Amino acid sequence: MLGLIVCLFLIRLVLPSQIDDVTPGIPCEDYLLEKSDVLYVIPLFENKSIAEDREWCEKTLSLDKELAMHGVYHTWKEFDENRDAEYLQRGIEEFEKCFGFAPERFKPSQIIISDSNARLVLNSMELDLRWNQIFHKVYHCNDSGLYPNWLIGIF
Ligand SMILES: [Zn+2]
């Protein structure tokens, strides 16, 4: 058991760290963004497009991190109920308007997604699910994750 924990600790230390819930409507400390290699961005949080906040788009781009998509509106269990291609496309479009390129990776809110939604996402993006959260350090803006950011920082 101890060997497994040490092994996991080392894997999480080496693999790129991530931060979820990056969007203008959620406060996010700069040092957390700095620490992370991949930023998971919510394109339409509270129905407000990231693309409307040019300053935020520029600032986020200037961090020079890998940018991925995290849900479309990020409502509770958003991708547990069936969504169509149009729904997903809405998020992709706002992401693209903001950053100038389409997202290549997707992580659903609460890491919950139905099989048919997963197939839909996989048509255009890679999908990050539960194993991803185990093998990577995943911080959360606003410290809203299952585990607090300070703990993620250590383990
Ligand atoms: Zn989230």
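In what order do the strands of the open sheet stand? The six strands run 5-4-3-2-1-6, with parallel pairing. This is a predicted model, so to speak of local features pLDDT must be at least 70, and side-chain atom pairs count only at pLDDT 80 or more, while totals for chains, interfaces and linings use all residues. Residues are numbered from 1 along each chain as its sequence is written, and side-chain values use heavy atoms, with hydrogens and water left out.

**The sheet**
- Strands are DSSP runs of E with at least two residues, helices are runs of H or I with at least four, and both are numbered from the N terminus.
- Strand 5 (126-127) and strand 6 are the edge strands, each pairing on one side only; two strands pair if DSSP finds at least two bridges between them.
- Strand 3 (residues 66-70) and strand 4 (residues 105-107) run parallel and are joined by two bridges.
- M69 has F106 of strand 4 opposite.

**Two crossing helices**
- Helix 3 (residues 54-62) and helix 4 (residues 85-99) have axes that come within 9 Å and cross at roughly 75°; axes are lines fitted to C-alpha atoms over the stretch in contact, with angles from 0 to 180 degrees between N-to-C directions.
- Helix 3 and helix 4 are therefore roughly perpendicular (65 to 115 degrees).
- Helix 3 brings R54, W56, C57, T60 and L61 to the contact, and helix 4 brings K97, C98 and F99 (heavy atoms within 4.5 Å).

**The largest pocket**
- The largest pocket holds about 540 Å³ of space.
- On a 1 Å grid over the protein atoms alone, a pocket is an open set of points where a 1.4 Å probe fits, with protein on both sides within 12 Å along at least five of seven lines; lining residues have an atom within 4 Å of a point.
- Among its 20 lining residues, R130, Q133, H140, L146 and Y147 lie nearest the centre.
- Helix 6 gives the most to this lining, with three residues.

How values were computed: Grid points are joined across faces, edges and corners, and a volume is the space filled by probe spheres set on the points. Angles under 35 degrees count as roughly parallel, over 145 as roughly antiparallel, 65 to 115 as roughly perpendicular and the rest as oblique.
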